[in-house]
Amino acid sequence: MKILVVDDEALLVKGIRFNLQNEGYEVITGSTGTQAVALVKEQNPDLVVLDVMMPEMDGLTACSVIREFSDVPIIMLTAKTDDMDKLLGFDHGVDDYLTKPFNILELKARIRALLRRAGSRGGKEEPVQSNTLTVGSITLDLDARNAYRSGVLTDLTAKEFDVIEFLMRNPNRVYSRETLLDTIWTYEYRSDIRTVDVHIRRLREKLEENPAEPKYILTKWGVGYYFRK
């Protein structure tokens, strides 16, 4: 699947591209509304992530132009929260909205949902992913955002769930504190890097049988953390 990401914030685009490529998507990028229109014509992406405020041509105008020749699903990124702004976007052909700041996991979930709805270019629907993620004694219900240890419901905070979901989706890959902070707390207030350590410790206390000798949520000393599958 090919995804086009267009935003004039270079760091934002870099972060989105990194995360989507980790999911196996092919990612192409641009920084203006004019480029968005040209790239949709040239690259025929399966989905577009488009910012509202951009130079040369704003996102809403670009969306209207794209809709003249393509029905590609479009997710609009906006710093505005007014319902009227969103309604205006839908009038221009936007399929979904995500308000900044946002969590990268929510963006990926929105992308999966739109791709399933739209289907591939060949007419085959995107395979529906399982609503649960299980490794050993740990199970995540991705729809209800509940976590279970050996079948027993465990109370996780929203950020704790985000961290364990990210690690379980990328097993055996070591992530530094900085990478986890940039990924899980993306585009939010940058907390002290020790925030990551605190969340890892709490996850071990809640999900490991023996937090002092964890089986799943492990440390690669001097590098970072990973989930052992």
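**Strand pairing and helix packing in the predicted model**

Strands β10 and β11 form a hairpin in which three residues lie between them, and G222 in the turn has a positive phi of about 80 degrees. The model is predicted: local features need pLDDT of at least 70 and side-chain atom pairs count only at pLDDT 80 or more, while totals for chains, interfaces and linings use all residues. Residues are numbered from 1 along each chain as its sequence is written, and side-chain values use heavy atoms, with hydrogens and water left out. Helices (H or I, at least four residues) and strands (E, at least two) are DSSP runs, numbered from the N terminus. Strands β10 (residues 217–220) and β11 (residues 224–227) run antiparallel and are joined by four bridges; two strands pair if DSSP finds at least two bridges between them.

An open sheet is formed by four strands in the order β6-β7-β8-β9, with antiparallel pairing. Its edge strands, each pairing on one side only, are β6 (132–135) and β9 (152–154). From one strand to the next, the twist averages 25 degrees. Three bridges link β8 (residues 146–149) to β9 in the antiparallel sense, and R149 stands opposite V152 in β9. Two helices pack on this sheet. Helix α6 touches β6, β7 (138–141) and β8, and its direction makes about 110 degrees with that of β7. Helix α8 (residues 194–207) touches β7, β8 and β9, its direction making about 55 degrees with that of β8. Contact here means heavy atoms within 4.5 Å.

Positive phi values occur in loops of the sheet. R145, in the loop between β7 and β8, is not a glycine but has a positive phi of about 55 degrees. Because its relative accessibility is 36%, R145 counts as partly exposed (buried means under 20% relative accessible area, exposed over 50%, partly exposed in between, with a 1.4 Å probe and protein chains only). S150, in the loop between β8 and β9, is likewise a residue other than glycine with a positive phi, near 55 degrees. S150 counts as partly exposed because its relative accessibility is 48%.

Helix α6 (residues 158–169) also packs against helix α7 (residues 177–184), at an angle of about 115 degrees and with the axes 11 Å apart. Axes are lines fitted to C-alpha atoms, for helices over the stretch in contact, and angles run from 0 to 180 degrees between N-to-C directions. The contact involves K159, D162, V163, F166 and L167 of α6, together with L180, T183 and I184 of α7. These residues divide into five nonpolar, one polar and two charged.

The axes of helix α1 (residues 10–22) and helix α5 (residues 104–118) come within 11 Å and cross at roughly 55 degrees. That angle makes α1 oblique to α5 (under 35 degrees counts as roughly parallel, over 145 as roughly antiparallel, 65 to 115 as roughly perpendicular and the rest as oblique). In α1, I16, N19 and L20 meet I104, L107, K108 and I111 of α5.

In helix α2 (residues 33–43), the residues G33, A36, V37, L39 and V40 are buried. Their cover includes β1 (2–6), β2 (26–30), β3 (47–51) and α3 (59–66). Just after α2, N44 takes a positive phi of about 50 degrees.

Methods. Ala, Val, Leu, Ile, Met, Phe, Trp, Tyr, Cys and Pro count as nonpolar, Asp, Glu, Lys and Arg as charged, and the others, Gly among them, as polar.
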